[in-house]
Amino acid sequence: MNDEADQESRDAAELGEPDSDTTATVATILAEVRDTGSSATKQQVGEMLRARLDRAGISLPESEIDDLVAQILEGDESA
């Protein structure tokens with residue numbers, strides 16, 4: 001039974017899908033950047049996000065980082 005879950009996790013990793021630990025780490029990083037970058041420019045938010053992802057050993061496509069930056073900035077505007 002546990003072997004099936006392990007296989008699904010390996011399959012997801014092979015497909016480039018993030019595991020739950022990576023997803024949780026990205027969510028934590030987003031919350032931190034949102035809190036600390038509320039008055040930052042788009043470029044500064046991007047730099048903060050990239051730096052924190054790099055420190056966590058997480059590599060995301062540039063298009064995904066751009067989407068996350070937009071979400072952070074839009075979230076601040078709607079708050």
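Predicted model: local features only at pLDDT ≥ 70, side-chain atom pairs only at ≥ 80, totals over all residues.
Of the chain's 79 residues, 23% count as buried.

I will start with the core. The largest nonpolar core has 14 residues, and those with the most contacts inside it are Leu49 and Leu53. Three helices each supply at least two residues of this core: H2, spanning 20-36, H3, spanning 42-55, and H4, spanning 62-78. H4 gives the most, with 5 residues.

Take Leu49 and leave aside its neighbours within four places in sequence. Which residues is leucine 49 then in contact with? They are Ile29, Leu30, Val33, Ile65, Leu68, Val69 and Ile72. On contacts across the whole chain: among those between residues at least 6 apart in sequence, 48% join residues at least 24 apart.

Now to H3 itself. This helix has 14 residues and reaches 20 Å from its first C-alpha to its last, close to the 20 Å expected at 1.5 Å a residue. Which residues are buried in H3? Val45, Gly46, Leu49, Arg52 and Leu53 are. Seen down the axis of H3, these buried residues fall within an arc of 140°, so they line one face of the helix. As background, an α-helix has 3.6 residues a turn, so residues three or four places apart point the same way. On the other side of H3, Gln43, Asp54 and Arg55 are exposed.

Glycine 46 lies in helix H3. Why does glycine 46 count as buried? Its relative accessibility is 3%, and buried means under 20%. The C-alpha atoms of glycine 46 and isoleucine 72 are separated by 9.7 Å, although these residues are 26 apart along the chain.

Last, the packing of H2 against H3. Where the two helices meet, their axes come within 10 Å and cross at roughly 145°. H2 passes H3 in a right-handed crossing. On the H2 side, the contact is made by Val26, Ile29, Leu30, Glu32, Val33 and Thr36. On the H3 side, Val45, Met48, Leu49, Arg52 and Leu53 take part.

Technical notes
Residues numbered from 1 in each chain as written. Heavy atoms only, no water. Core = buried A, V, L, I, M, F, W, Y, C linked by side-chain atoms within 4.5 Å. Buried < 20%, exposed > 50% of the residue type's maximum accessible area, 1.4 Å probe, protein only. Helix = DSSP H or I, 4+ residues; strand = E, 2+ residues; numbered from the N terminus. Contact = heavy atoms within 4.5 Å. Expected span 1.5 Å × (residues − 1). Arc of directions from axis to C-beta. Axes fitted to C-alpha atoms, helices over the stretch in contact; angles between N-to-C directions. Left-handed = near helix turned anticlockwise from the far one by under 90°.
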